[in-house]
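Please examine the model shown below.

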Amino acid sequence: MQFHHHGYVSTDPRVEPAAGVGIDRPDELPEFVDVLIVGTGPAGIVAAAQLAQFPGVTTRIVERRGERLAIGQADGIQARSVETFQAFGFAERIIAEAYRITEMAFWKPDPEEPGTIVRAARTLDDPTGISEFPHLIVNQARVLDYFAEFAANSPARIRPDYGFEFRGLEVTGDGEYPVTVTLEHSAGELAGQQKVVHAKYVLGADGARSAVRESIGAQHIGGQAFHAWGVMDTLAVTDFPDIRTKCSIQSEAGNILLIPREGGHLFRMYVDLGEVSAEDHGAVRATTLEQIIAKANEILHPYVLDVKDVPWHSVYEVGHRVTDRFDDVPVEEIGTRTPRVFIAGDACHTHSAKAGQGMNVSMQDGWNISWKLGHVLSGRSPESLLATYSAERHVVAKELIDFDRQWSTLMAKKPEEYDSPSELEDFYVRTAEFPAGFMTQYAPSMVIAEEPEQALATGFPIGKRFTSAPVTRVADTNPVQLGHHHRADGRWRIYAFADEARAGESSALADWAEWLRSAPESPVLVHTPEGADLDSLFDVKVVYQQPHTEVDLGRVPTLFLPRTGPFGLIDYEKVYASDPKHDIFELRGLDRGGVVVVVRPDHYVAHVLPLGATAELAAFFRQNLLPAG
C-alpha cells in the first residue's frame with residue numbers, strides 16, 4: 001500500500017481523500033445519476049466499489065432491504081475471487097477470518113457393509129498450485145461488507161441507498177439521461193411512495209427473479225433438473241470424524257455435500273432430497289427443517305448428527321438457466337446502438353450452489369462492466385467498449401451452466417450409477433481449474449488483441465487472467481508477488497520484461513522506455529489527461545532478468561520512476577528484479593529478448609508484444625481509448 005505522497009497520513013491509509021462527486025456527497029438519492037445500480041449483492045457491490053474509484057462519475061446503488069445483509073446464502077470463495085479481494089485491498093483480512101479448504105474427503109458405502117459409510121479417498125483441493133491464494137469459506141455478508149467498506153473509503157464515497165425497490169424503467173434514448181427508473185420506498189416513513197431517477201446507465205444486479213431483466217425483455221433460458229436439495233447452516237454435536245473437512249458423502253440413502261464454515265464450529269450441509277416429479281410444482285419446498293435433519297442422519301449412518309442450532313436453511317430445486325443477453329440491445333440490433341441497461345450476477349445465470357460458483361462469477365460480472373462504465377463516463381474510452389460486456393460474460397455464463405450441470409448430476413447419482421468407483425473424485429481433480437475461476441479466456445475484441453505474440457510469454461495466455469509470480473522489488477529488496485500490486489483503481493498495467501542488458505546499458509528496453517516516455521504517438525502521451533500524473537492511466541512496471549543486487553536504480557529509465565502527487569515524489573515501486581529462486585522468466589515462459597504484457601484493469605491479459613512493436617502497442621490502445629482532451 002502506498003500513501004503519504006499527498007502529505008503525511010496519520011489516520012487509516014485505506015481511507016482515500018474524497019474527490020469529485022465524493023466531496024459533500026448528498027445523503028438523499030439524487031434525481032439524476034450517471035450509473036444506477038440495483039441490488040447490493042456480489043455483482044452490484046463490486047461494481048459500486050470499482051466505480052467509487054472514478055470520482056467524476058455519479059454512481060448510486062439502491063437496495064430494497066432496509067439495511068445490510070446479515071446472513072448470506074453463498075459462502076464458497078474461489079482463488080480467483082481472493083485475487084480480486086487483493087485488488088480491492090482486503091484479501092489478508094478476509095483470509096484471517098475465513099475457513100480454508102485444503103483437502104476434500106470422499107465417503108462412500110462400505111463394500112462389506114453397504115448400509116454404513118467409510119472414507120474412500122482424499123484429494124488435495126489445489127493439486128497443481130494454480131494460485132498462491134487459498135480456497136475459502138466465509139459468509140457472503142462479510143464479503144459484501146468488505147466491498148462496501150472499500151466503496152465508502154474510495155474517492156467517490158459510494159454508500160448503498162437502502163429501502164428502495166425497483167419498480168420499472170423506460171429507455172427513451174433521448175437526452176443526456178435516457179433511462180427513467182421508477183423506484184418505491186420499501187422501508188421507513190416514506191414506505192410506499194415512489195421516486196423517479198434519471199440515469200445514463202443502469203446495472204441490474206437484483207437476483208434470480210430480476211425485475212430489471214424483465215424490464216428489458218431478456219429471456220432467462222433453461223430448465224429444472226427435477227432434483228431437490230435441503231441446505232442448512234448448522235451448529236451440531238456429532239461423531240462424524242470429518243466434520244471439519246469438506247466432504248462428498250454418498251450412501252445408499254442419498255448424498256450430502258459438507259462444507260465447514262468459518263469460526264471453527266459452523267458447517268453447511270447440502271442434503272439430497274431426491275428426484276422431484278415434473279408435477280411437483282414446488283411442493284418439495286415445503287420440506288421441513290426436521291425432515292432435512294432426519295434425512296442427513298439417515299445418510300450419515302452409522303454416525304449421528306445432534307443439531308443444536310440452525311441459523312439458516314432452505315430447500316431448492318436444481319435449475320440451470322442463462323439469460324439470452326446481458327444488456328438491453330436485442331440480438332438483431334447488436335452494433336447499431338449503445339446499451340444503456342445491463343444485468344449481472346444471478347439476474348443473468350442461475351445454477352446449483354454446490355460448485356461454489358454463483359457469488360464468484362457474479363463478482364467478475366460486476367468488475368467487468370464497472371471498469372468499462374468508468375472508462376466511458378470519464379471520457380477515457382468510446383461507448384462501443386460497453387458492448388464487450390455482454391459478449392464476454394455471456395460466454396462465461398454458458399460455460400458455467402455446462403460445468404454445473406455435469407457437477408450437480410454427478411453429485412446426485414447413486415453409488416451404483418457411477419461408471420467407476422472414483423468417477424466423482426476424478427472429475428473434481430480434473431476440472432479444478434474451472435471452479436477455481438481460471439478457465440475464463442476472453443475472445444479477441446477491442447480490449448483483447450487479435451494477433452498477440454503469444455510465444456513470447458507462454459505463461460500469460462491472451463484473454464486469461466494475469467497469473468502472478470514472485471519477484472524482488474529493487475528499491476527496498478522486498479520479495480513480493482508481482483500481481484498483488486495490481487489494484488482495482490481503473491488503470492491499465494503495462495509490464496515490460498527486460499532483455500538481458502543491465503539497467504543503464506543500451507538495450508531494447510531502454511529504447512522502448514524512451515519511446516513510451518517521449519514519442520508523440522506514445523499511448524502515455526496520447527491518452528493521459530494533461531496535468532495528470534504520468535501513471536494516472538497506465539501503471540508501467542519493469543522486471544529485470546538480473547537479481548536485484550545487480551540493478552542500479554540510478555540508471556533505470558525515468559519512465560519507471562515517475563514523479564507523482566502534488567510534491568512530485570518519486571514512485572519507487574515500479575522497478576523489479578527476477579527472484580533467483582523463482583525466476584519469473586522461467587515460470588511464465590518469457591522470452592529473454594524482452595516482452596511487453598498488457599493487462600486490463602480487471603486483471604485479464606490484453607496483449608503480448610516484443611519490445612520493438614511500438615506501433616502495434618499504440619494501435620491497440622487507439623482502438624479502446626480516446627485521445628486525452
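Two strands count as paired if DSSP finds at least two bridges between them. Helices (H or I, at least four residues) and strands (E, at least two) are DSSP runs, numbered from the N terminus. Within this pair, arginine 100 has leucine 136 of strand 7 as its bridge partner.

The two strands belong to an open sheet of three strands in the order 3-7-4, with antiparallel pairing. Strand 3 (76–77) and strand 4 (99–101) stand at the edges with a single partner strand each, so one side of each has no neighbour in the sheet.

## Basis of the model

Residues are numbered from 1 along each chain as its sequence is written, and side-chain values use heavy atoms, with hydrogens and water left out. Because the model is predicted, local features need pLDDT of at least 70 and side-chain atom pairs count only at pLDDT 80 or more, whereas totals for chains, interfaces and linings use all residues.

## A hairpin

Strand 5 (residues 103–110) pairs with strand 6 (residues 113–124) in the antiparallel sense over eight bridges. The two form a hairpin, with two residues between them. Aspartate 110 stands opposite glutamate 113 in strand 6.

Another open sheet consists of seven strands in the order 20-19-25-22-21-26-27, and its pairing is mixed. Strand 20 (479–481) and strand 27 (605–609) are at the edges; each has a single partner strand, so one side of each is left without a neighbour in the sheet. On average, neighbouring strands of this sheet are turned by 30 degrees against each other, direction ignored.

Threonine 472 stands opposite proline 479 in strand 20.

Helix 10 lies across strand 21 (492–497), strand 22 (538–544) and strand 26 (595–599), and runs at about 170 degrees to strand 22. Axes are lines fitted to C-alpha atoms, for helices over the stretch in contact, and angles run from 0 to 180 degrees between N-to-C directions. Contact means heavy atoms within 4.5 Å.

Two packed helices are described by the angle between their axes and the distance between the axes. For helix 10 (residues 508–518) and helix 13 (residues 614–622), the axes come within 11 Å and cross at roughly 40 degrees. Trp512, Trp515 and Leu516 in helix 10 meet Thr614, Leu617 and Ala618 in helix 13. By class, this contact has five nonpolar residues, one polar residue and no charged residues. Ala, Val, Leu, Ile, Met, Phe, Trp, Tyr, Cys and Pro count as nonpolar, Asp, Glu, Lys and Arg as charged, and the others, Gly among them, as polar.

## Two backbone details

A cis peptide bond joins histidine 301 and proline 302, with omega at about 20 degrees. Proline 302 is found in the loop between helix 6 (289–300) and strand 16 (305–323).

Aspartate 24 is not a glycine, yet has a positive phi of about 55 degrees. This aspartate 24 is found in the segment before strand 1 (32–38).

## The chain as a whole

The protein chain has 13 helices and 27 strands. Taken along the principal axes, its C-alpha atoms fill a box of roughly 75 × 60 × 50 Å. A compact globule with 629 residues would have a radius of gyration near 25 Å, and the 26 Å of the protein chain agrees with this. The radius of gyration is taken over C-alpha atoms, and the globule rule is 2.2 Å times the number of residues to the power 0.38.
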